[in-house]
Amino acid sequence: MPHQIVQEQKQEIDYSEVIVTQLESINKMEIYQAYLKNTITIHQGYDNNFFRCDKQIDTPATGIYKLDLDNVTGNIIIGQKVVTIIASMEYDVIVHEDKMQFTDNKGYFVFYDIKMTPEEQAAMMAEAKQQMLSKMQDKEYLDVVQRKAEKIIAEQLDGLDYDIRVLWR
């Protein structure tokens with residue numbers, strides 16, 4: 001009786017279209033919120049205990065990180081069980097002006113309060129926001145955001161056995 005040789009062929013399924021479609025459907029996603037606090041000191045008068053007039057303003061804010069996957073088609077590398085996404089991130093800061101705290105440090109002979117024009121206050125808030133935006137780009141925050149983004153994308157690709165790597169532009 002002749003023997004028949006049966007060859008098994010393993011077919012690899014190409015999930016690249018599914019992955020790209022899933023990622024494009026994400027569009028923009030809020031990944032992480034960080035609580036930020038900035039202290040601004042306004043100094044008037046002399047630098048001694050008699051005529052000093054300082055005001056410290058504690059400015060709380062929320063830093064928001066958003067992942068932008070609008071044009072992911074040309075920015076994705078699908079390898080053997082690894083998906084690498086070259087993504088861009090958007091930063092935004094929402095300053096909570098209603099939660100600002102003011103502390104006065106007045107000298108013995110100072111009986112006035114520091115006055116600010118609306119323009120000076122707007123410039124101060126813009127400077128505080130700019131400082132917070134630069135603080136949001138610290139490595140400590142970016143590492144947390146990257147891990148969170150990889151986890152969120154892995155959840156979106158649930159069922160596909162791929163490791164997710166995110167590289168920031």
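Modeller: Two strands are said to pair if DSSP finds at least two bridges between them. Strand 2 (residues 52-68) and strand 4 (residues 82-95) have eight bridges in the antiparallel sense, so they qualify as paired under the rule of at least two bridges. Please bear in mind that this is a predicted model.

Biologist: What makes strand 1 and strand 5 partners of strand 2?

Modeller: The same rule applies. Strand 1 (residues 28-45) is joined to strand 2 by 17 bridges, and the two run antiparallel. Strand 5 (residues 101-106) is also antiparallel to strand 2, with six bridges. Because the requirement is at least two bridges, both strands count as partners of strand 2. Individual bridges can be located as well: Tyr-35 is partnered by Thr-62 of strand 2, Ile-57 by Phe-102 of strand 5, and Leu-67 by Met-89 of strand 4.

Biologist: Why is Thr-59 called buried?

Modeller: Buried means under 20% relative accessible area. Thr-59 has a relative accessibility of 0%, and therefore counts as buried. This residue lies in strand 2, where 15 of the 17 residues are buried. Beyond its neighbours within four places in sequence, Thr-59 is in contact with Leu-36, Lys-37, Asn-38, Ile-40, Val-95, Met-100, Met-125 and Met-132.

Biologist: Why is the aromatic pair of Tyr-32 and Tyr-65 described as tilted?

Modeller: Rings pair if their centres lie within 6.5 Å; planes under 30 degrees apart are stacked, those over 60 are edge-to-face, and the rest are tilted. The count by this rule comes to four aromatic pairs. For Tyr-32 and Tyr-65 the centres are 6.0 Å apart and the planes are at 45 degrees, hence a tilted pair. The pair links distant parts of the chain, with Tyr-32 in strand 1 and Tyr-65 in strand 2, 33 residues apart. Tyr-32, with 26% relative accessibility, counts as partly exposed, whereas Tyr-65, at 0%, is buried.

Modeller: Phe-51 and Phe-109 form another tilted pair, at 5.9 Å centre to centre and 40 degrees between the planes. Phe-51 is in the loop between strand 1 and strand 2, and Phe-109 is in the loop between strand 5 and helix 2, 58 residues apart. Phe-51 has a relative accessibility of 40% and so counts as partly exposed.

Biologist: What makes the buried residues of helix 2 line one face?

Modeller: The buried residues include Met-124, Met-125, Ala-128 and Met-132. Viewed down the axis of helix 2, the buried residues fall within an arc of 95 degrees, and therefore line one face of the helix. They pack against strand 1, strand 2 and strand 4.

Biologist: How do you know that the buried residues of helix 1 line one face?

Modeller: In helix 1 the buried residues are Ile-19, Val-20, Leu-23 and Ile-26. Seen down the axis of helix 1, they fall within an arc of 115 degrees, so they line one face. Glu-17, Thr-21 and Ser-25 are exposed on the other side of helix 1. The buried residues of helix 1 pack against strand 1, strand 3 (76-78), strand 4 and helix 3. Just after helix 1, Asn-27 takes a positive phi of about 65 degrees.

Biologist: What makes a group of residues a nonpolar core, and which residues have the most contacts inside the largest one?

Modeller: The members must be buried nonpolar residues joined through side-chain atoms within 4.5 Å. The largest such core has 43 residues, and those with the most contacts inside it are Ile-19, Leu-23, Tyr-65, Leu-69, Ile-76, Ile-85 and Ile-153. Elements that each supply at least two residues of this core include helix 1, strand 2, helix 2 and helix 3. Leaving out residues up to four places away in sequence, Ile-19 touches Ile-76, Ile-78, Val-83, Leu-157, Leu-160 and Tyr-162. In soluble globular proteins, nonpolar side chains tend to be buried together.

Methods: Residues numbered from 1 in each chain as written. Predicted model: local features only at pLDDT ≥ 70, side-chain atom pairs only at ≥ 80, totals over all residues. Heavy atoms only, no water. Buried < 20%, exposed > 50% of the residue type's maximum accessible area, 1.4 Å probe, protein only. Helix = DSSP H or I, 4+ residues; strand = E, 2+ residues; numbered from the N terminus. Contact = heavy atoms within 4.5 Å. Arc of directions from axis to C-beta.
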